[in-house]
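Dear colleague,

I am passing on a structure that you have not worked with before, and I would be glad if you could look through it. My notes on what was found follow directly after it.

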Amino acid sequence: MAAIVWMAVAVRLSIPCILDLRLITGQTIAIMIIAGLAYIPGYMTAFLLVSLLLDRQPS
């Protein structure tokens, strides 16, 4: 759930970047560029971090 919240915040914060970039590349390409640079790596990092924090190793 935390990774999804992190990604939602990233999407909200990146809207101005997408609007500027779409003037140069088009909307679909702009979304793909931002997703490849921010959404996917950010989601994966947040998921990994939360997984490591919540994982309890056996004694």
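To begin with S14, this residue counts as buried because its relative accessible area is 8%, below the cut-off of 20%. Please bear in mind that the model is a predicted one. S14 is found in helix α1, where a polar atom of its side chain lies 3.1 Å from the backbone oxygen of V11. Leaving aside residues up to four places away in sequence, S14 touches I34 and Y39, and both I34 and Y39 are among the buried residues of helix α2.

Helix α2 itself covers residues 27–54, and its 28 residues reach 38 Å from the first C-alpha to the last, which is close to the 40 Å expected at 1.5 Å a residue. The buried residues of α2 pack against α1, which runs over residues 2–25.

The structure also holds one aromatic pair. The ring centres of Y43 and F47 are 6.2 Å apart and the ring planes stand at 25 degrees, so the pair is stacked, given that planes under 30 degrees apart count as such. Both Y43 and F47 lie in helix α2, four residues apart, or about one turn of the helix.

Definitions and conventions:
Residues are numbered from 1 along each chain as its sequence is written. This is a predicted model: local features need pLDDT of at least 70, side-chain atom pairs count only at pLDDT 80 or more; totals for chains, interfaces and linings use all residues. Side-chain values use heavy atoms; hydrogens and water are left out. Helices (H or I, at least four residues) and strands (E, at least two) are DSSP runs, numbered from the N terminus. The expected span of a helix is 1.5 Å times one less than its number of residues. Buried means under 20% relative accessible area, exposed over 50%, partly exposed in between (1.4 Å probe, protein chains only). Contact means heavy atoms within 4.5 Å. A polar contact is a pair of N or O atoms within 3.5 Å; within protein, one must be able to donate a hydrogen and the other to accept it, and residues adjacent in sequence count only if both atoms are side-chain atoms. Rings of Phe, Tyr and Trp (its six-membered ring) pair if their centres lie within 6.5 Å; planes under 30 degrees apart count as stacked, over 60 as edge-to-face and the rest as tilted.
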